[in-house]
Amino acid sequence: LVHFMMPFFPLPRDRKSTKMLSALRNVAMKAVTPSTYVNGFMSMRATYDAPVRAGGFMPLVHFMMLVGVAGYTSEYLIIGQHHVAHAKHEKDAAIAEYRKNHPAHH
């Protein structure tokens, strides 16, 4: 596959581009490696284990903030962009109707 794509996407051979591609490859490999997520979860668990067992309020507040940010983000990504597009469509239709009914005086 890589050799097939070489004519279409020639890789640069200078040192800076090679370093950048290597860094990008490392980031991509971390994103698909399960140990990245397992280690992150275990680190989070170690951070919150003691306050949760002690009945602390901090984990609840952090969880509420996480749910709020995730909710607003997903709502914007899933629904919000359609509301913005719909409002733009209505505005464009109103401007077109106005221009049709009120020709410019040039």
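## Salt bridges

Arg-53 pairs up with Asp-49 in a salt bridge, with 3.2 Å between the closest N and O atoms. (A salt bridge here is a side-chain nitrogen of Lys or Arg within 4 Å of a carboxyl oxygen of Asp or Glu.) Both residues sit in helix α3, four residues apart, about one turn of the helix. Arg-53 counts as exposed at 68% relative accessibility, while Asp-49 is partly exposed at 31%. The labels go by relative accessible area: buried is under 20%, exposed is over 50%, and partly exposed is in between, with a 1.4 Å probe and protein chains only.

The structure holds two salt bridges. Asp-92 and Lys-88 also meet through their side chains, at 2.9 Å from N to O. This pair belongs to helix α4, again with a spacing of four residues, about one turn of the helix. Asp-92 is partly exposed, with a relative accessible area of 36%.

## What kind of model this is

This is a predicted model, where local features need pLDDT of at least 70, side-chain atom pairs count only at pLDDT 80 or more, and totals for chains, interfaces and linings use all residues. Residues are numbered from 1 along each chain as its sequence is written, and side-chain values use heavy atoms, with hydrogens and water left out.

## Overall layout

The protein has four helices and zero strands, so the elements, taken as DSSP runs (H or I of at least four residues for helices, E of at least two for strands) and numbered from the N terminus, read α-α-α-α. Of its 106 residues, 3% count as buried. The accessible surface comes to about 10,100 Å², and carbon and sulfur atoms own 70% of that; areas come from the Shrake-Rupley method with a 1.4 Å probe, and for residues only the protein chains shown count as cover.

## The largest pocketThe largest pocket has a volume of about 160 Å³. Pockets are found on a 1 Å grid over the protein atoms alone, as open sets of points where a 1.4 Å probe fits, with protein on both sides within 12 Å along at least five of seven lines; lining residues have an atom within 4 Å of a point. The volume is the space filled by probe spheres set on the points.

Met-44, Tyr-48, Pro-59, His-62, Phe-63 and Leu-66 line this pocket. Helices α3 (34-53) and α4 (58-101) each supply at least two lining residues, and α4 gives the largest share, with four. By class, the lining has five nonpolar, one polar and no charged residues.

## A nonpolar surface patch

Tyr-76, Leu-77, Ile-78, Ile-79 and Val-84 form a nonpolar patch on the surface, with about 520 Å² of accessible area together. Patch members have over 30% relative accessible area and no salt bridge, and nonpolar side chains are joined within 5 Å. Val-84 lies in helix α4 and is exposed, at 52% relative accessible area.

Conventions. Ala, Val, Leu, Ile, Met, Phe, Trp, Tyr, Cys and Pro count as nonpolar, Asp, Glu, Lys and Arg as charged, and the others, Gly among them, as polar. Patches are made of residues with over 30% relative accessible area and no salt bridge: like charges are joined within 9 Å, nonpolar side chains (Val, Leu, Ile, Met, Phe, Trp, Tyr) within 5 Å.
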